[in-house]
Amino acid sequence: MWDEREQKPVLEYLVWTFLISWCCEGIILAMEHTNVLPEAAQKAIVMIIIGFGAGLAPAYATFILLKRHDKIKEIKEFWGRMRKCTNWSITLLTLAGVMAYQLLKCCLTEEGLGNPWYCFILFLPVMFFGGGLEEVGWRGFLQPALEERMPFVVATLLQGAIWSIWHLPLWLIRNANQSQFQFLSFWLYCTAFSFSLALVYKLSKSVIAVVVLHAWGNVVLGGMFTIHSLTEVPGTKTLILYAIEIVVSTLIVTIWDRRQVQDGKKEEEKILIVNTLKDSNRKNIVEMFPNAEVVNTNTYQIHSCIGCNSCWIKTPGKCAIKDDYEALFKKIVLADKIVFLAEERLGMVSYQMKNIIDRMIAVDVPYTCIKNGQTRHCSRYKKCWKLMLVMPQSSNRAHINDWMERVAINFHSKSLGTYQITEREKINHALYDC
């Protein structure tokens, strides 16, 4: 749901998710306490508020974040992100295997409720609103966000704990299923199921796949089978099945990650060429930098930084000046390697390039930290850009190279050096081999 190259606002997501959900459940508790409605009407309203309010809080929170951070403009784009999938063959195979295991667990530990087989099909769409659409936020946003900060196992264990705690108010609601559950049993179930859900999302990057899996889990446990594993202390057989689910999911993810690296299927580093050279010097740029995105800024209107600190304080990460730099800055943030093409003017880079680099101050925050014994502003993003400066010719190269080194340090990045445009072999070596 969120670009994997950008650090995700985890705390903001959790605040919105818990706020929306617990406010909805607070309304239910107030309604039950005051008994303002007949019992039948109360049950219907509880189902509506939980299904379309509290139950969709993770999805609402994700949508709010995407809107607030200018990732989407309308709901059509939100749906477009939900539909993404890296490989449908792998997705369907993995999903079928995990769904079969969820059914097997119930067959081995629960008793059938006697519902006809076609109820599997009838109950599944209902359970999209009975839990499935939570996955837009839990696995679509939070799981990958946690994995950016910690190993897969730790991230998934934490995800399971957060997911369990999020359900806590339901234990106080008379008409909620959780009022029958033991919290320890529920937490163990959520933890084990989190590994299966994380596995499917890891291999597919498909929100739809995890929505279907979550809905399926609710269909088989409670819809077609009893829920003794949630209402009672789990037995040895249940705990063994949970352990198998966790271990097998972890092993598959580990093997998958290693294969991704070995097969070179990890997403290649994104190279951005920021070009301020005149048209006469641009004809060989595309040829020089294959598989790179070239942004020619000659037609861009980019003003100089005015030092207002709005990008630090008032609108973090976003410049207060409304010009063409806003679109360029988004590309800079998403890139891994950035090549700046600029003329030399008065022993320094041109004012056009100086404006661009000065405005990059938004990648840092106002707070300071110690790096290599020096005080620096902390980075806003959890990444290290590799920066290179290329010029048609330079009479003050050593000085400009020193300046570029300082720029890289200030932006918690690495300088790949300063080169003349004729030094193609050195440029290619530094850019593609290092």
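**Exercise 1. Determine which residues form a nonpolar patch on the surface of this predicted model, and which helix gives the most to the patch.**

Solution. The nonpolar patch on the surface is formed by W22, I165, L168, F183, L184 and W187, which together have about 520 Å² of accessible area (Shrake-Rupley method, 1.4 Å probe, with only the protein chains shown counting as cover for residues). Patch members have over 30% relative accessible area and no salt bridge, nonpolar side chains being joined within 5 Å; a salt bridge would be a side-chain nitrogen of Lys or Arg within 4 Å of a carboxyl oxygen of Asp or Glu. Helix α9 gives the most, with 3 residues, helices being DSSP runs of H or I of at least four residues, numbered from the N terminus.

This is a predicted model, in which local features need pLDDT of at least 70 and side-chain atom pairs count only at pLDDT 80 or more, whereas totals for chains, interfaces and linings use all residues. Residues are numbered from 1 along each chain as its sequence is written, and side-chain values use heavy atoms, with hydrogens and water left out.

**Exercise 2. Locate L168 and explain why it counts as partly exposed.**

Solution. L168 lies in the loop between α8 (152-166) and α9. Because its relative accessibility is 35%, L168 counts as partly exposed, the class between buried (under 20%) and exposed (over 50%).

Note on methods
Patch = residues over 30% accessible without salt bridge, like charges linked within 9 Å, V, L, I, M, F, W, Y side chains within 5 Å. Helix = DSSP H or I, 4+ residues; strand = E, 2+ residues; numbered from the N terminus. Buried < 20%, exposed > 50% of the residue type's maximum accessible area, 1.4 Å probe, protein only.
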